[in-house]
Amino acid sequence: MKSILLKKHLLFFSVLFGIFVLAQNKIKVPAEAVFFMEVNGKQLNDKINWQQLNPILQELNKNSVEKPTWKDFSDTGILKDAKQYHYVTFNDSVKTYTAHLILEDAAKFLDFVKISAKKELDITKKAKYSYANLNNDTFVAWDGKRAVITGIDYTKKLPKEYWEDLPADSTVVVVDAADAVVDSAYAETDYADTEVKPFNYKDEIQYLKDEIQYQKEDIKEHNAEIARMQKDIKYLEKHHKYPEEKEPKVSAETEEIASAMPTEEYDEAAEELAYQKETDSLQAENLKILKTFAEKDFDRYFASDATVEVPKELIKFKDPKSDVFMYTNYGQIFKNGIYDRMMNLYNMGDFFQNVYNSNSFYNLYFDKDKVRLVNNYQHRDPKIQKNLAAVYQGKKNKKLMSLINDDNIGYYAINVDGSKYFDMMYNLFQSSTDSGKYQKELELIVETVKIVLDEDAISKIAPGNGIFVLNNLNAKKVEYTDYEYDDDYNDKEVKKTKDVVVPDFTFAFATDNENYWKRVFDVLTTNKELSEKFSKNGDIYYLKKDPKNSTYIDQLFFTVKDGIVYLGTSLENLGPGKQSGDSSKWAKDAVKHTQSGKWNTQKLLIGLEKEFKSTSEKKALDLFRKNVGDIYFKTDVKSESLETEINYTTPNSSENSLMYFFDFCNDLIKIAEPETPAAL
Amino acid sequence: MKTTIKYLFILCTFLSLTSCFDIIDKINLKADGSGEYSLILNASKSKTRLQSISKMETVNGKKVPKKAEIESKLKEATAVFKSVPGITNVKTALDFENFIVKLSCNFKKIENINSGLELLKSKKIIGKTIPTQLYKNNPAEKVFVRNKTASYKSDYDKLSSADKEVFSNATYTSVLQFENMIKSQTNSSYTMSPNKKAVKLSGSVLDFILQKKQVQNTISLH
């Protein structure tokens, strides 16, 4: 008895729980979104000094009449500390951008929308929400608590024949007949629903009624036009000219009668009018289609509760502590964008689609004194991702990193496994044939390349460790010709000199086959033609200095020693430099990571100083010196992804790195403002 | 948004190292209406950058012309100019080391230069937007006119910011020398030489494109 009672209770609670779950009608972000962004409003709000920011935002939002559309961000009616969700979906014909906002004050929001639209809004009231179109492709919907903004771009899909009729040459691949072109616009609008809605005859009747009304209006317009033309014919038969135009009444009607002028302008005006009419009609038709899409989206959104459900795939690498999280599906962007059709025209199309078939996740942090962006890149094919990870797990090379020294402006170091690169490329080629096109041929080519290439020998030439160091930016005196005038304005050619900034850099990479490189360099210095440009001094090979050469690089030196190939613009930097404190720390850091780099922007700007001569340029340089920070990045293989962390240190005295950007904007606004006479 | 773009533009301008060139044209007019015309394009100040660009295939998405292509174009222009009645002694010089192009010729009357430019335009050697009816001279009435040119603002606005950058430091100088002394002129932007036999107009190319400075001038001679 007890067990029956227990079962009944369990059943009751299960049903209750089921109802509760069903009642939680969450809004789903489409799994096929190519871009998704979650803005952590609460965290950002805590970091923003609104008193300071509002005037800057106003300045940035000045409209054409130079009046800001709002005075304070709270005038927008958007809740500052709520999460915002933005996403983009697109298929072959519809591209949609959607933003979900939480409102603090719906009335203020409506006012803000009205002012921003700069026109009278045509508001459609629905049972649960109201919506309006801001322009021909942007719609906004709201209820008391929430708002959705959606931008829709609809391009009617061109028939397959259009692409096939393009000028064909031998490289054109015949599009697979299985790729039947279907305008998936309507299907796409149902992306958030997994179930297919049954055919609703009532909707269909309404649609047909609307269509009849539209056609009727069109007939009316055409009839009026025919009547006017018949009238003109009769007048022309009788008077052999068009009726004299009376003093123009400035109204819409007079524009229509502009066609009565038997002049050249007449034809142009009539043509323009006809064109405008056709464009307006197409735009109206397009707007009608877009409205249908938008409305479907809004219905779904306002039928749900405020909870947003994001597919796990899209937030795989999301850090809840980040201020902004973004996801991009480059594979889909590549496939569904213009490249889709383009790629089908080329033999390598599948290969490139395969290369781009990846997801990227970004976590953005506005820390106290730096901005941090962490990117996780993951190929959608686990096999290729594994290959990629293998490439990015190369051996470390300490010797190379000794080139990082105290005086450097910046460096970029890489430690990959060159031998694994071949495996990755073979895999990319082999898995590029989903459609089965040229499968056998590609397999044969890959196999032949494998036989011909000795991957081990190649990877010994350059195993995959390298570094580029920008040692300095030097000034070089360059002579140029100018023209000067005497009192009678006779010109005279004069020679002048000016300083040009030239880079002093070193590029070095590890090798397990020093002899190979020595042979290459020996050929450069002994070959009859090449030896005119290259020479040798002991172990150092160099590109001879050409007095006529005024390019940024005067001389190049290269040598091989201790398993490293060096190439650089100065002799003294073809080897380790002085390391202490910071530089030694960075050198040790560079050994640890697959990829890393650091740029001292202040040093870079000091080097570039000579390139900024005018007062406004110098003013800009001073501004950048005050505001620009250093960049550091590193890449490693982490959690089945390639993780790249980019750090940008913020140098000025702003409250935090988020406010730093706004302060920087403020300084930019000041510098861009024309000087007042008083200031002059 | 427009303002934001403006600031971004400033940022881009700062980051790209600017190049500059000078355009110089000079007319030496005798009392009988004949004279000498010369045109110089001097990009010598940017030769470091140009030498580097010349090694590239494209810059800002546009094909970089090869030395031979430029030479052939200049040869073509010389031949066209030589064929114009009234124009003699056509000379061209191309200095690839310093990036200076020179063209000079003698004319019977200044309108021959207009015809030469018109012919260059019809043969598509120069662009269709380049003005051709530049000068007018009436030796009997001793009045020389430098005609107004159309505004290039809309063409300039259509350029990408990288292309606009080319004009940021470019200058234009125009010298008009006369055998007779100048009685008066209508455009005070032209400075007059102390001997009153020449006027000179100079400014940034951008000022002329945007018509902040005007080239038109009517000069009355003694």
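Let's start at one side chain. Leaving aside neighbours within four places in sequence, A:Trp517 is in contact with A:Thr511, A:Val560 and A:Val565. Contact here means that the C-beta atoms, placed from the backbone, lie within 7 Å.

A word on the source. This is a predicted model: local features need pLDDT of at least 70, side-chain atom pairs count only at pLDDT 80 or more, and totals for chains, interfaces and linings use all residues. Residues are numbered from 1 along each chain as its sequence is written, while chains are lettered from A and ligands numbered from 1 in the order in which they are written.

Back to A:Trp517. Its place is in helix α18 of chain A, residues 514–526. Helices are DSSP runs of H or I, at least four residues; strands are runs of E, at least two; both are numbered from the N terminus. A:Val560 is 43 residues away along the chain, yet the two C-alpha atoms are separated by 7.2 Å.

Next, a helix pair. α21 (615–627) and α22 (657–672) of chain A pack at about 170°, axes 11 Å apart. Axes are fitted to C-alpha atoms over the stretch in contact, and angles run from 0 to 180 degrees between N-to-C directions. So α21(A) is roughly antiparallel to α22(A); that label needs an angle over 145 degrees. From α21(A), A:Lys619, A:Ala620, A:Leu623 and A:Asn627 meet A:Phe664, A:Asp667 and A:Ile671 of α22(A).

Now the interface. How many residues of chain B are in contact with chain A? 27, and they meet 25 residues of chain A. On the chain B side, α1(B) gives the most, with 6 residues.

Last, the sheet in chain B. It is open, with 7 strands in the order β5-β6-β2-β1-β9-β12-β11, and the pairing is mixed. Two strands pair if DSSP finds at least two bridges between them. β5 (87–95) and β11 (191–192) of chain B stand at the edges; each has a single partner strand, so one side of each lacks a neighbour in the sheet. Helix α3 (67–82) of chain B packs on the sheet, touching β5 and β6 (100–107), and its direction makes about 170° with that of β5(B). β1(B) and β9(B) run parallel, joined by 8 bridges. B:Asp22 stands opposite B:Thr171 in β9(B).

How values were computed. Angles under 35 degrees count as roughly parallel, over 145 as roughly antiparallel, 65 to 115 as roughly perpendicular and the rest as oblique. Two residues are in contact if their C-beta atoms, placed from the backbone, lie within 7 Å.
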